[in-house]
Amino acid sequence: MRTDFRVRFHIFMARFYIHKSNGEKEYFQDKKLLGSLIKASLDKGQATSMVKEIKKEVISGATSDDIHAIAYKKLCKTHLPQAQLYNLRKALADIPPKMFEQFVQKILDADGYKTEWEKIVTGAGTRHEVDVVAKKDKRCFLVECKRRGNWHKPSGLGKVLIVRARYEDILDGNSKGKNNYPFTKAWLINNAKFSQHAKEYAEYKGIWLTGWGYPKDMGINEWIQHLQVYPITMLRMQKRQVSALLNAGVLTFSDLETKEEKTAKRILRGNEYNNVLKQI
């Protein structure tokens with residue numbers, strides 16, 4: 001009888017609340033953290049062991065960001081490549097908005113699209129700033145890039161409505177000879193998840209959405225890993241170094257190693273540059 005009570009008490013105490021980014025509370029769930037670690041390329045055994053270690057430091061009332069920070073710190077000590085992948089979601093949120101547009105352009109370039117960044121296009125009613133124009137296989141895409149600083153919060157219907165309105169006005173302008181962009185598809189790309197309303201409306205209107213984990217197995221996270229276009233914000237550097245590199249146009253691992261190598265070496269002197277290469 002006493003043993004049963006102790007078992008029940010242990011199970012009760014093993015469950016604790018965490019605060020979600022929207023202010024709601026929920027019980028900490030091993031499977032969510034386990035899934036995130038497995039997506040970061042840990043095998044199930046490694047991920048299970050890591051969850052146990054992380055839980056030792058998580059207190060009731062901790063936030064999602066607290067848990068992320070604990071997990072990232074532990075992974076950096078033993079599994080650095082997996083730590084970088086685990087940190088990808090935050091790394092995307094750490095890219096400034098305008099540079100996120102350029103980062104998306106680099107992904108599209110790596111995927112065989114011909115792109116133009118930040119084009120002013122005249123619609124039937126007004127002029128529009130198009131983040132990226134992407135062309136491939138005789139198709140022309142109006143690409144809208146939205147970087148959410150709070151990557152926990154889904155991107156809602158409003159963003160999709162704006163993209164649709166801009167797309168329609170530019171198409172009307174093209175039919176009236178006001179621009180030379182015969183777009184065939186509108187495409188919204190961001191670093192967060194999408195709300196259900198956003199997904200339903202986009203599907204109805206034929207707008208492509210690419211976000212975190214969406215579409216299934218084809219989200220921005222899978223896309224980045226498939227093409228290996230990784231942002232430098234994944235690397236462990238001082239904030240001033242990251243900022244200097246981004247402002248100099250060094251956005252990806254490839255930039256550091258190839259095209260922008262001289263610029264990177266000027267900003268990251270000596271051992272700092274070598275340390276970054278070891279991480280890559």
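Predicted model: local features only at pLDDT ≥ 70, side-chain atom pairs only at ≥ 80, totals over all residues.

**Pockets in the model**

Me: What volume does the second largest pocket have?
Reply: Residues are numbered from 1 along each chain as its sequence is written, and side-chain values use heavy atoms, without hydrogens and water. A pocket is an open set of points on a 1 Å grid over the protein atoms alone, where a 1.4 Å probe fits, with protein on both sides within 12 Å along at least five of seven lines. Its volume is the space filled by probe spheres set on the points, joined across faces, edges and corners, and for the second largest pocket this comes to about 510 Å³.

Me: Which residues lie nearest the centre of the second largest pocket?
Reply: Lining residues have an atom within 4 Å of a point. The second largest pocket has 20 of them, and those nearest its centre are N87, K90, D94, T233 and K239.

Me: Which element gives the most to that lining?
Reply: Helices here are DSSP runs (H or I, at least four residues), numbered from the N terminus. The most, five residues, comes from α11.

Me: And what volume does the largest pocket have?
Reply: Its lining has 31 residues, with S36, R89, W151, H152 and K193 closest to the centre. α2 gives the largest share of that lining, five residues. The space in the largest pocket is about 1,100 Å³.

Terms used: Helix = DSSP H or I, 4+ residues; strand = E, 2+ residues; numbered from the N terminus.
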